[in-house]
Amino acid sequence: MQQRSSWFRFSTPSLVLIPVAVGINYVGKLFASTLKLPLWLDSIGTVLAGMLAGPVVGALSGAINNVIYGLTADPISFVYGLTSIFIGLVAGIMAFKGWIDGWGKALVVGLAVGLTATVVSTPLNVWFWGGQTGNFWGDALFAAVLAQTNSVWLASFLDEVVVDVPDKLLTVLAAYTLFRSLPKNIKQLYTGSGELESLD
């Protein structure tokens with residue numbers, strides 16, 4: 001996997017990628033919400049943008065998605081904009097370090113993204129919702145752990161882990177599948193192997 005020379009250089013393809021990534025996120029989130037899945041599926045576009053164009057574009061894609069979804073569907077989405085930013089950053093940094101050249105490495109990226117989302121989201125859950133995620137499966141575990149330990153932070157952390165880690169594993173694998181399926185000439189727009197006008 002060729003590493004890019006800069007994480008902060010915006011090209012026309014990178015800017016065009018942002019609304020595409022936001023659209024993928026939005027559709028995934030609506031799909032999961034409509035079917036009441038025990039997953040979020042709202043970061044596939046964010047991770048794909050990070051894989052293609054780097055951590056900054058990935059983070060922007062995630063943040064913009066949360067704003068748009070918060071304005072149009074669910075205001076709670078605003079709270080987790082910070083989580084989406086970190087998802088894009090971690091996925092993009094690991095991609096730029098060569099962690100998207102095989103399924104095994106993609107699994108590691110999924111675990112890293114899932115744990116990052118857990119660490120960032122747990123304090124938000126505690127501050128805004130008393131520790132719960134709003135996910136049926138996770139909140140059932142939250143209630144059980146809280147009853148046994150009386151620790152809101154531990155219960156909230158485990159609540160987030162059982163939702164975020166599987167979700168982000170599937171998210172990264174889905175994004176990696178999309179990444180692998182892209183034609184080589186499309187990928188070259190982002191690797192810097194072609195001459196492109198940059199908008200710095």
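Predicted model: local features only at pLDDT ≥ 70, side-chain atom pairs only at ≥ 80, totals over all residues.

Biologist: Which residues does helix α6 cover, and how far does it reach?

Modeller: Helix α6 runs over residues 136-149, which makes 14 residues. From its first C-alpha to its last it reaches 20 Å, close to the 20 Å expected at 1.5 Å a residue.

Biologist: Which residues of α6 are buried?

Modeller: Those are G138, D139, F142 and V145. Seen down the axis of α6, the buried residues fall within an arc of 125°, so they line one face of the helix.

Biologist: What do the buried residues of α6 pack against?

Modeller: They pack against α7, residues 152-181.

Biologist: And which exposed residues are on the face turned away from the buried side of α6?

Modeller: That face carries F136, W137, A147 and Q148.

Biologist: Which residue caps the N-terminal end of α6?

Modeller: N135 does, with a side-chain oxygen 3.0 Å from the backbone nitrogen of W137. Just after α6, N150 takes a positive phi of about 60°.

Biologist: Changing topic: where is D167 found, and is D167 buried or exposed?

Modeller: D167 is found in helix α7. The residue D167 is buried, because its relative accessible area is 0%, and buried means under 20%.

Biologist: What is D167 in contact with, leaving aside its neighbours within four places in sequence?

Modeller: D167 is in contact with L39, W40 and L41, once those neighbours are left aside.

Notes: Residues numbered from 1 in each chain as written. Heavy atoms only, no water. Helix = DSSP H or I, 4+ residues; strand = E, 2+ residues; numbered from the N terminus. Expected span 1.5 Å × (residues − 1). Buried < 20%, exposed > 50% of the residue type's maximum accessible area, 1.4 Å probe, protein only. Arc of directions from axis to C-beta. Contact = heavy atoms within 4.5 Å. Polar contact = N/O pair within 3.5 Å; in protein donor to acceptor, adjacent residues only side chain to side chain.
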